[in-house]
Amino acid sequence: MKVGLFVPCYINQFYPKVAIDTLELLEKFGLEVGYPLNQTCCGQPMANSGYEHLTGSTNELFTQNFAGYDYIVSPSGSCTLHIKDHLHSDEAPAEAKNIRSRIYELTEFLTDIIKIDNIKASFPYRVGLHQSCHGQRGLKLAQMTELTAPAFSKPEQLLKMVNGIELVPLTRADECCGFGGTFCVAEEAVSVKMGKDRVADHIKNNAEYITAADMSCLMHMEGILKRQKSPVKVVHIAEILNAAMV
Amino acid sequence: MSAGKDHAALAQVFNNDENRVDWHDETLWFVRAKRDRASHGIPDWELLRETASQIKHNVLSNMHNYLVQFEENALTNGIKIHWAADAAEHNAIVLSILKEKGIDRMVKSKSMLTEECHLNDFLQDNGVEVIDSDLGERIVQLAKEPPSHIVLPCIHKKKEEIGDIFHEHLGTAAGESDPQILTETARQHLREIFITRRAALTGVNFAIAETGEFVVCTNEGNADMGAHLADVHIASMGFEKLIPQRKHLSVFLRLLTRSATGQPITTYSSHFKKPRPGQQMHIIIVDNGRSIQLGREDFRNSLKCIRCGACMNTCPVYRRSGGHSYHTAVAGPIGSILAPNLDMEKYADLPFASTLCGSCSNVCPVKIDIHDQLYKWRQVIVKNGYSTKTKTAMMKGMTLALSSPAIFNLSGKAGRLALRYIPFAVNNGLNPWFKQRDMPTPPEDSFTDWYKKNRKGEKP
């Protein structure tokens, strides 16, 4: 099995540790992981802003980069969802279609494809899990409170395998943090208010860390926490799952 | 879209008072939580949603036949039927019915369609007084404001503010804010209205093609009070209110109030089939853009809406921006996919007033793909040129940078350097991110840099 690592543009530039932990984690499970050096971005910032018609070149680039892999794995629910729903290629339509069906967000790849049942990791802290909307409602990584159906959560299933971790309950289990891509600047006031409220829920429930399967939500919440000079930190789920045993 | 009047600007004003935002958010979240308990309390909720969605699907696919069937049956029942192509025609029909009877005062039950048509203003300009009889509607009417929510029209007002309005208009004591006293005052005031008005207008929740009757749902019984006492009953309905058969009501009535307020059923679900002796009953069937929406394949499903308001209560953006920030009669997620159909330029901002979190689609009792439609509207709006030049230039620049790995790596490096060494270049008031959030601490190397140093580059 040959796995292509898709690292979202902002993780590549601002949070390389998340990508390193993702890579190491996949390698821990004996997978052969390749990282196409020519990758940039999935095109979601343009598409969600109404400029899907400008994503042709990023689509072609993405298709070229990842056509050769059995699976494509990414530490981002949002970018994965965008590729799954919107990747098209005029030059290689069959490859693009193939990629759409073989791209996985990291936690669903671990639970559904390689089906791991234990992780050698330790993270002895109180952690609040932020269920990012695109991952949860888009990729169905977890059950949604609006639906009347049995509960499940792929990220939580993995976190429960981590030594010493204490998952804190949240008052609003799956409310959006307000990042929303370009929404975070176009609708600055509402975006920040949503972020403040989301962070407050974690703090109220005594979290020391906020984690998620999406770094974009965490980047937004980190910005708010730092501005508030809060001791609460954000950590991507890949960083927890790859945290060394003490 | 006039400058400074878009959702973001109006929401920013709403957010100047953070305590009020908190209160608004908590109040609506309370309703959402009630909706959850009510929907989780019956075993077949998801089946009901699917069934309702399919029934509406059938209606939308056979609109013509059901409308003809409804008209025939309603005429047989003795109801007068009017067809209105747009808001102006609807309003003119209402006025002509009243004029024919020499009526210049009317009582009205809640109808978002008449809000959409701006009926009250029109009638007032033509010398007809209209009193809204739904308590929340009456309050916003006295305050000279439009409703901020389709089910809870004055949810944005605190009881103290309502007390002030009642003091000014209905003579309650200054500073009185006891809900029971205020409600009793409204009740006495409205009772006098019900008794003296010869014409009553109601909305329509469901119109049944099979029988030619219609159903009006209220919690206060105000539609019934108005209609049962008046000589003339006018019912205004958008044509999408049709359902094929009476038995289908059982599906919708179970869904409607559970979704809206968390109640098992409305207090009054009243069936109107024919005028009582001596009474006139009119139904105005309104298009006002609906047939255009029906013709837009991507947006057709928005016409399934039964106006429960669940998408507003669950929407984290609506809860923190208030209904008025949507500057349209139907606010929130559903309003944001209905409004651009009416006027794409005026409402170009609304599909962007969302994080696309998807909660709206999940609570929708008729399974409208609201957040997918928001995404699709964005594409349509930009393609039709209703975007700013700045945004288009920014997106083109971004596309260029992201299309080339070389430019991407270089600009990424430049960006990280700028953040590290000249943070004031980005950390200033002109950067909307920085206004209330810190920027990420930039690392020295990107992941690509790290990978080149630590692993051999892969070219599959």
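Analyst: **Contacts within chain A and beyond**

Between domain 1 of chain A and domain 2 of chain A, the count is two salt bridges, a salt bridge being a side-chain nitrogen of Lys or Arg within 4 Å of a carboxyl oxygen of Asp or Glu. The model is predicted: local features need pLDDT of at least 70 and side-chain atom pairs count only at pLDDT 80 or more, while totals for chains, interfaces and linings use all residues. Residues are numbered from 1 along each chain as its sequence is written, chains are lettered from A and ligands numbered from 1 in the order in which they are written, and side-chain values use heavy atoms, with hydrogens and water left out.

In chain A, domain 1 covers 2-113 and domain 2 covers 126-241, with bounds that come from an automatic or database domain assignment. The C-alpha centres of these two domains of chain A lie 22 Å apart. Domain 1 of chain A brings 27 residues to the contact and domain 2 of chain A brings 21 residues, where contact means heavy atoms within 4.5 Å. A salt bridge joins A:Lys17 to A:Glu239, with 3.2 Å between the closest N and O atoms.

The size of an interface is often given as the accessible area lost when the parts come together. For domain 1 of chain A and domain 2 of chain A, about 2000 Å² is buried, 66% of it on carbon and sulfur atoms; this buried area is the accessible area (1.4 Å probe) that two parts lose on being put together, summed over both.

The contact between the chains can be described in the same terms. Chain B gives 80 residues and chain A gives 76 residues. Between chain B and chain A, about 6700 Å² is buried, with carbon and sulfur atoms giving 59%. Twelve salt bridges are found across the interface of chain B and chain A. A:Lys193 and B:Asp22 also meet through their side chains in a salt bridge, at 2.6 Å from N to O. A:Arg227 lies over the face of B:Phe434, 4.4 Å from the ring centre; a charge sits over a ring if NZ of Lys or CZ of Arg is within 6 Å of the ring centre and within 35 degrees of the ring normal. Within chain B, B:Lys158 lies over the face of B:Trp23, 5.2 Å from the ring centre.

A:Phe62 and A:Phe66 lie four residues apart in helix H4 (residues 56-66) of chain A, and so are separated by about one helical turn; helices (H or I, at least four residues) and strands (E, at least two) are DSSP runs, numbered from the N terminus. Both A:Phe62 and A:Phe66 are buried, that is, under 20% relative accessible area, with exposed meaning over 50% and partly exposed in between (1.4 Å probe, protein chains only). Ring pairs also link A:Phe6, A:Phe62, A:Phe66 and A:Tyr69 into a cluster.

Key
Rings of Phe, Tyr and Trp (its six-membered ring) pair if their centres lie within 6.5 Å; planes under 30 degrees apart count as stacked, over 60 as edge-to-face and the rest as tilted.
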